[in-house]
Amino acid sequence: MSAVISSSAATQASEAKGSPLRRFGPWVLIALLAVLPFLPVPDFWIIQLIYIGLYALPVLGLVLLTGVAGLTSFGQAAFVGIGAYTTAYLTVNTGLSPWLTLFIGLALTGISAFVIGAITLRMSGHYLPLATIAWALSLYYLMGNLDALGKYDGILGVKGLSAFGFEIGQRRVFYGLVWVFVIGASFALIRLLDSRSGRAIRSLARGSQMAEAMGIDTLRHKVGIFVLAALLASVSGWLFAHFQRTVNPSPFGIKMGIEYLFMAVLGGAAHVWGAIAGSGIVKVLEDQLQVLLPKLIGTAGSYEVIVFGILIVLVLKYLPDGLWAFIDRRLPRAPRPVDWQGAAPLPARAKPAAGEVVLQVKAVRKVFGGLVAVNDISFETRAGQIVGLIGPNGAGKSTTFNLVTGVLRLSGGEVRFRGQRVDGLPSRKIAQQGMSRTFQHVKLVPEMTVLENVALGAHLRGHRGPIAAMARLNGAEERQLFAEAQRQLQRVGMGELLHEQAGNLAMGQQRLLEIARALCADPALLLLDEPAAGLRHKEKQALAEVLRSLRAEGMSILLVEHDMGLVMDVCDHIVVMEFGTHLMEGTPAQVQQSEKVRAAYLGTEH
Ligand code: ADP
Ligand code: MG
């Protein structure tokens, strides 16, 4: 561990300032974009940049949805279409102001995205991509077949934008408007991702089990970002309609939906600036190739499609995280400035009195097909007590954990937490009541820092949502969350590793991180599934010390562990399982003397 600490300390020292490109890059980009229209740049390039901006908006949505949260949508073009058609139809037919129809378009987009998201995001796997394909196709044919929308000819004669009698439809002014939206959305997303809600969103890509155990409502967050992504697309559609002055179904079909995804993947799906890079590269390449390739080949045709096909295969093979990730990895990153010293402590829950029964497990049962993995197991834990749950591999310990914490549904029996029945509740509701856990197979977000991962544990103790984050009204609460995360990390002896990427940690450190994360939830009951696996002797001793001090504070701990030294050392009471059944229970001394226990262990692995 010391080697890891010193090497990371060394890299941190050299990276202390971060790279100039990372710090000033966005501002240089903004400055360039801002002076461009005043320079003698040909209109061709201004128009090109308008299109890049129009593409970047739906692609930004995909960065959030696909790159960060791992949800694939082919439907962005369809949402662009809703924004475009709404404003085109209403401004042409009713004479409403485009500044009003923007919001009507956003409302229609938001409602349809909410309905699609709420239905399909409940289901795991490929339902969302398939549903977005179906949605994109049906909307395309709807746009193409409705008389009111002009069928495949679309709607002509859409007005340009104007404000206070001033024409925005002019190229260079319109260019400014588009990029104000793009840069504004980019900064909003960057702020969102670096917040309590953002950390929850970043935890979605690796399955919902851990996030739910931290009390995060994963469905709500998924639907939320699906709607947000659709709204960005809708704004693009609104701009598009007033720029082109006409709409027809072709730019909103499934082909464009795929192209948006391609831009996101090429640019670097998990990076906000990758959206702009991806849109820019695709748009410029596409135009150049459209001219160049027929000349080279000698006959007309959409050869650029073939080149893009090859390009995407190459990108997926050699740069699976996209171009921006490739650059991003090479830019030193400055550690987050520690600005939370002296932050007010987060509110804490009322703790059970010493000796109070915290957890009652009564005859719980779990059947997997024909296998009775947990067979009528009963035990209880009290405040200020460490209960060990031991038994050979496959005895049913982790399954028991999952029954208690609501990850699995019981086949029988009941679980009471502080007197209330909790079986049948989803795991985030159980977490809310003060039960927090670690996982046998460590579950963390490798690309987040140690500090951010641990702050995830305090999710339920904060309240600031995505809008507060985008408007930067969450500073005080963020400081409280990080102060708590740092405190818990120091407690488990990881105070030196705050800014390390969690994925770089050794296994033992990852386990300690999970304990700190669980402690951040301010639990009354802590469930640890094999916390000492992968820890060295010194680290195990330190862990035992942490467990004892937690017990002294009145914490109730349920410990599944294979290291008998640790179990016998710290536990007050031990429950032994074998083949899903309750073999015996008692004090460490009683368990050590038990012939039955010895036979159980001798009979299997030892
Ligand atoms: P332990 O944690 O004590 O090593 P587990 O609780 O992981 O044991 O597993 C108990 C038994 O249940 C094992 O035989 C295992 O193969 C089985 N089991 C665990 N989870 C599942 C599952 N999701 N589906 C089917 N069988 C399972
Ligand atoms: Mg296990």
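This is a predicted model: local features need pLDDT of at least 70, side-chain atom pairs count only at pLDDT 80 or more; totals for chains, interfaces and linings use all residues.
Colleague: Which element gives the most residues to the shell around ligand 1?

Modeller: The shell around ligand 1 includes Phe 368, Leu 371, Lys 397, Ser 398 and Thr 399. Two elements, β4 (371–382) and α15 (397–404), each supply at least two of the shell residues. The element that gives the most, with three residues, is α15.

Colleague: How much of the area that ligand 1 exposes when taken alone does the protein bury?

Modeller: Backbone atoms approach oxygen atoms of ligand 1 at several places: a backbone N or O atom of Gly 394 lies 2.8 Å from one, and a backbone N or O atom of Gly 396 lies 2.9 Å from one. A polar backbone atom of Lys 397 is also 2.8 Å from an oxygen atom of the ligand. Taken alone, ligand 1 exposes 560 Å², and the share of this that the protein buries is 60%.

Colleague: Which backbone nitrogen does the side chain of Ser 411 reach?

Modeller: Ser 411 is found in the loop between α15 and β6 (412–417). Leaving aside neighbours within four places in sequence, Ser 411 is in contact with Arg 365, Lys 366 and Val 367. At 3.0 Å, its side chain reaches the backbone nitrogen of Val 367.

Colleague: Is Glu 447 buried, partly exposed or exposed?

Modeller: Glu 447 forms a salt bridge with Arg 206, the closest N and O atoms being 3.2 Å apart. The pair links distant parts of the chain, 241 residues apart, with Glu 447 in the loop between β8 (435–437) and α17 (450–456). Buried requires under 20% relative accessible area and exposed requires over 50%. Because the relative accessible area of Glu 447 is 42%, this residue is partly exposed.

Colleague: Are Arg 461 and Glu 484 buried or exposed?

Modeller: Side chains of opposite charge can pair when their charged atoms come close. Arg 461 and Glu 484 form a salt bridge, with the closest N and O atoms 3.0 Å apart. Arg 461 lies in the loop between α17 and α18 (466–470), whereas Glu 484 lies in helix α19 (residues 475–491). Both residues are buried.

Colleague: How far apart are the closest N and O atoms of Asp 569 and Arg 548?

Modeller: Asp 569 is in helix α22 (residues 564–570) and Arg 548 in helix α21 (residues 537–552), 21 residues apart. Asp 569 counts as partly exposed because its relative accessibility is 43%. The two residues form a salt bridge, and the separation of their closest N and O atoms is 2.7 Å.

Methods. Residues are numbered from 1 along each chain as its sequence is written. Chains are lettered from A and ligands numbered from 1 in the order in which they are written. Side-chain values use heavy atoms; hydrogens and water are left out. A residue is near a molecule or strand if one of its heavy atoms lies within 4 Å of it. A polar contact is a pair of N or O atoms within 3.5 Å; within protein, one must be able to donate a hydrogen and the other to accept it, and residues adjacent in sequence count only if both atoms are side-chain atoms. Accessible areas come from the Shrake-Rupley method with a 1.4 Å probe; for residues, only the protein chains shown count as cover. Helices (H or I, at least four residues) and strands (E, at least two) are DSSP runs, numbered from the N terminus. Contact means heavy atoms within 4.5 Å. A salt bridge is a side-chain nitrogen of Lys or Arg within 4 Å of a carboxyl oxygen of Asp or Glu. Buried means under 20% relative accessible area, exposed over 50%, partly exposed in between (1.4 Å probe, protein chains only).
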